Amino acid sequence: REYKITATYEGIKLLGKLDGYDPKSRTIGEMKSGKNWTQALVDKNDQLTFYALIDFLKYKTGRAKKILLHWFNTNTGEVRTFETKRGLMDFHPMTVRIERAWEAINEIAKEEGS
């Protein structure tokens, strides 16, 4: 079941639509199929970083306790769960991307409004 979580970064409203989230334990869950997921891919996944950033901004204390990616291998029927972590050092590149995207959105809005 999808869980919507919002937070604000530098006046920019952020919305995450997580496949699973438990606000009490602050556990993020994501479900994937298709490509062959590995621990390395999960550890680099920007979507999970974005969700962890929103959790951090919303609660302003620590980080998500658990981040889980559940991969459903459509070829074999196997289900694997990968656990990963995110911290402050992971958030900086994401906040830069958010700021750049927001600037680009505002530029497009200005052009369309003129």
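Strand S5 (residues 66-72) pairs with S6 in the antiparallel sense, over 6 bridges. Strands here are DSSP E runs of at least two residues, helices are H or I runs of at least four, and both are numbered from the N terminus. Two strands pair if DSSP finds at least two bridges between them. Opposite Arg80 in S6 stands Trp71.

The model is predicted, so local features need pLDDT of at least 70 and side-chain atom pairs count only at pLDDT 80 or more, while totals for chains, interfaces and linings use all residues. Residues are numbered from 1 along each chain as its sequence is written, and side-chain values use heavy atoms, with hydrogens and water left out.

Now the whole sheet. It is open, with 4 strands in the order S3-S4-S5-S6 and mixed pairing. At the edges stand S3 and strand S6 (79-84). Each has a single partner strand, so one side of each is left without a neighbour in the sheet. From one strand to the next, the twist averages 20 degrees.

A helix packs on this sheet. H2 touches S3, strand S4 (27-33), S5 and S6; contact means heavy atoms within 4.5 Å. The direction of H2 makes about 160 degrees with that of S4. Such angles run from 0 to 180 degrees between N-to-C directions, and the axes are lines fitted to C-alpha atoms, for helices over the stretch in contact.

Next come the aromatic rings. Rings of Phe, Tyr and Trp (its six-membered ring) pair if their centres lie within 6.5 Å; planes under 30 degrees apart count as stacked, over 60 as edge-to-face and the rest as tilted. The count by this rule is 3 aromatic pairs. One of them joins Tyr3 and Tyr21, a tilted pair with 5.0 Å centre to centre and 45 degrees between the planes. This pair links distant parts of the chain: Tyr3 is in strand S1 (residues 3-9) and Tyr21 in strand S3 (residues 20-22), 18 residues apart. Tyr3 is partly exposed at 28% relative accessible area, whereas Tyr21 is buried at 9%. Buried means under 20%, exposed over 50%, and partly exposed in between (1.4 Å probe, protein chains only).

Phe56 and Phe91 also pair. Their ring centres are 5.4 Å apart and their planes at 40 degrees, so this pair is tilted. Phe56 lies in helix H2 (residues 46-59) and Phe91 in helix H3 (residues 88-113), so the pair ties together parts 35 residues apart in sequence. Phe56 is partly exposed at 24%; Phe91 is buried at 5%.
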